[in-house]
Amino acid sequence: MAKMATTTYREALRTALKEALVKDPRVFLMGEDVGQYGGSYAVSKGLLAEFGPERIRDTPLSESTFVGAGIGAALGGMRPIVELMTVNFSLLALDQIVNNAATIRHMSGGQFNIPLVIRMATGAGRQLAAQHAHSLEGWYAHIPGIRIVAPATLEDARGMLWTALEDPDPVLIFEHQTLYNMEGPLADDAGPVDIDHAAIRRSGKDLSLITYGGTLGKTLQAAETLAREGIDAEVIDLRSLRPLDMPAILESVKKTHRVVIVDEGWKSGSLSAEIIARIVESAFYDLDAPMARICSAEVPIPYPKHLEDAALPQPAAIVAAAREVVGRRG
Amino acid sequence: MPSLGSDMEAGTLVQWLKHPGDAVKRGDIIAVVDTQKGAIEIEVFEEGVIESVQIKQGEKVPVGTVLAMIRGTGPERPRVPAATAPPSAPAREGPPTPAAVSAPQKRPHEEPSRLRVSPLARKLAADLGVDVTQVEGTGSGGAITREDVERAAAALKTSAAHKPSAPTARAGDMRAAIASAMARSKREIPHYYLSSTIDMSGSLAWLRAENEKRPVAERLLPVALLIKAVGLALREVPELNGYWIDGAFREGTGVHVGCAISLRGGGLVAPGLHDADRMDLGTLMRQLTDLVARARTGSLKSSDLADPTITVTNLGDQGAEAAFGIIYPPQVALVGFGKIAERPWVCSGKIEARPLLTATLSADHRATDGHRGGAFLAAVDRLLQAPEKL
Amino acid sequence: MTPDDIKRVVLDVLTRIAPEVDPASIQSGVSFRDQLDLDSMDFLNFVLALHDRLGVDIPEGDYPRLYTLDGAVAYLASKSVRAAAP
């Protein structure tokens, strides 16, 4: 048995960065404030001193430029890790990500690939208001040519980066901003993890709660409440948003026959909508109730705490939706 | 206006026993309706207050007509129609409509248009032979879920086993099933009919002698000989033994004779005797006795019903002279036996009284022609003349 | 066994075969098959059950004597019935 040590999501990310910088000289980190300031979420704190300005590079406030530089470096044989402060700001680099990173392998007939990793914070819950708090990973999951992953646990924060760097194509890692302070035990020998599969975080037979990232904790909390009522919920952590691990989802649906999806993205044109569509396509006759979604209210995420709370998926709403889907127990 | 039988199309409201403003609860008799079967009391299946009656005494209306509106009770429902309950749609609030009095199985909050059944429940109900209109839904919004269907299937089994005499819902289902299968058969299958009179004196004499030797529990009825003869004759005319599926005949694997069994209280099932051509008469009789007993106590197994390749209907000694039956799809033939009765028979130029049996064949003209049908009946006749070989 | 005992057994057997029948409504002189809609299989089961319950051997030739309640009771009594275990 490996020894367990208490750590945080932030430290797990930093350990992963260090590991990558040590293991592979082609790896370097760049982004706004990643060096002197230690990262806007303090993930890269101390790395500048340890690895120097060549490998921990502060960039101008120009997302399009430094994501483009990352793409160029990847084309040139490096293994860049680009940090974007939030998913909202990543929109300034959409052209680079969608038009270049995602397409070059295809447009070059496979001659060039882009082994680029982009990390960014996503989500709300810390009163950062609408321009710093949206959950737009579902948009990126729409795009062929890139992989989208969302670490929701310490193990995944620790292990997804290296696997993403090994991937020959661009991988976007979405770190929910409420998770950085999450504390818990992590094995000393924790290391790379797969980024292909969803994980069952809680096994159950009455319904499937499908979620990822920042809402995993709330969903597990809801599952515990439901368990006290005799409703045995299965909790699926998607981990990979593109591609979706449909076999895992369908297997769960075939077991529980009921589905509630919890996603901090909005409902309209969303990842949760996509999952529902695919379940209907593949498992219609396994469904025993209409599928439900707990998503963010269709408003720009509000700043005041009570409004922000009201706009986001919360355990009580998940519990209520699950009860409704399961129906009157008899 | 509730349907009080599949043949009922309309009824006359003879008398209202409850009036607007009266409170009613489940089980109350609210009206008397006259039908072809006589005056029948109409129960209510809802709780609430009668808001209005739509039909006057003496009026004759078709089945399905709304007789009265019942407003459901409950504190959360506003008395005065509000935004959610426009005056033009009182059914939204205490929504009885026809369902309230005519279809006890339907729940009050349900739109009459389409039952709320989950895809899984609907599929399971089809597999288990459960009529979803008879199932109470416990899912979201009263939807019928897998568990509801499973519960209904279990209850069906239990109630059939414990009280075979009063399964009214079940009998109704069965009627509906027979109606659907027989209507489909007559719609799709071009039947042809043949009949043949068979001298049973040899068979009956042999049977009498045989039964004298047999203890009570092992005695044979003529029907055992008839089924065995059908089984053996089908070996000679296998194109009557099987199914018409997707525009082609598929021969059955084995001769599984479905035996039409009438149930006390009405209805009919036709479970199969597997490999009837290969059983000796004692085994065949034993299995038939068991099948009849189980059919009548409602404890048939799915295997009994799964794969008969032909059906035999035997009217027995109380029945009519001949049966020209309707084929049970997708089978391609049905053999009917009337009662064995003494009638005149010409034998060697002389008229004698003989126990005669009219055997008939209803067959699917898509699968066979009359020539082969005739060969089949001739084989049955020939086999019954040598009962010792059956 | 007294004729009353035998009658009770006969009625019990009949109502097992035709559960919807009220034993009190059975007319003693009318054929069971007519008033209870018994078919040949029911009748065979009737004979078999009487055989099991009362221990009497009933040849097929005697079946007509069992067609009515009165007939059945008289016939079974005449066969010097030994009491069956309760």
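Modeller: Helices (H or I, at least four residues) and strands (E, at least two) are DSSP runs, numbered from the N terminus. Chain A has 13 helices and 14 strands, and chain B has nine helices and 18 strands. This is a predicted model, in which local features need pLDDT of at least 70 and side-chain atom pairs count only at pLDDT 80 or more, whereas totals for chains, interfaces and linings use all residues. Residues are numbered from 1 along each chain as its sequence is written, while chains are lettered from A and ligands numbered from 1 in the order in which they are written.

Biologist: What is the average confidence of chain C, and where in chain C is confidence lowest and highest?

Modeller: The scale is pLDDT, the predictor's confidence in each residue, from 0 to 100. Chain C averages 83, and 92% of its residues score at least 70. Helix H2 (residues 32-36) of chain C has the lowest mean, 81, and helix H4 (residues 69-78) of chain C the highest, 88. Where pLDDT is low, the predicted coordinates should not be read in detail. For the complex, the predictor gives an ipTM of 0.80 and a pTM of 0.51.

Biologist: Why is B:Arg208 called exposed?

Modeller: A residue is buried if 20 or more other C-beta atoms lie within 10 Å of its own, exposed if 12 or fewer, and partly exposed in between, with C-beta atoms placed from the backbone. B:Arg208 has 11 other C-beta atoms within 10 Å and is therefore exposed. This residue lies in helix H5 of chain B. B:Arg208 and B:Leu220 are twelve residues apart in sequence, and their C-alpha atoms are 9.0 Å apart in space.

Biologist: Why do A:Ala42 and C:Asp37 count as partly exposed?

Modeller: A:Ala42 has 16 other C-beta atoms within 10 Å, so it falls in the partly exposed class. C:Asp37, with 14 C-beta neighbours inside 10 Å, is partly exposed on that count. A:Ala42 belongs to the loop between strand S2 (27-31) and helix H2 (47-51) of chain A; C:Asp37 lies in the loop between H2 and helix H3 (40-54) of chain C.

Biologist: What are the phi values of A:Ala42 and C:Asp37?

Modeller: Phi is near 65° for A:Ala42 and near 55° for C:Asp37. Most residues other than glycine have a negative phi, and most peptide bonds are trans. The peptide bond from A:Arg242 to A:Pro243 is cis, with omega near 0°, and A:Pro243 lies in the loop between strand S12 (240-242) and helix H10 (246-256) of chain A. The bond from B:Pro329 to B:Pro330 is also cis, with omega near 5°.

Biologist: What makes the largest nonpolar core a core, and which residues touch the most other members?

Modeller: A nonpolar core is a set of buried Ala, Val, Leu, Ile, Met, Phe, Trp, Tyr and Cys residues joined through C-beta atoms within 7 Å. The largest one holds 111 residues, in which A:Leu161, A:Leu209, A:Val260 and A:Ala322 touch the most other members. Helix H8 (residues 154-166) of chain A gives the most to this core, with seven residues. Apart from it lies another core of 78 residues, B:Leu240 and C:Phe43 among them. Buried residues make up 52% of the 330 residues in chain A and 36% of the 390 residues of chain B.

Biologist: How many residues does each chain bring to the contact of chain B with chain C?

Modeller: Two residues are in contact if their C-beta atoms, placed from the backbone, lie within 7 Å. On that criterion, 16 residues come from chain B and 14 residues from chain C. Helix H5 (201-213) and helix H7 (281-296) of chain B each supply at least two residues of the side of chain B that touches chain C, and H5(B) gives the most, three residues. The contact of chain A with chain B takes 13 residues from chain A and eleven residues from chain B.

Biologist: How do you know that strand S13 (residues 259-263) and strand S14 (residues 292-295) of chain A are joined?

Modeller: Two strands pair if DSSP finds at least two bridges between them. Four bridges join S13(A) to S14(A), and the two strands run parallel. In S14(A), the bridge partner of A:Asp263 is A:Cys295.
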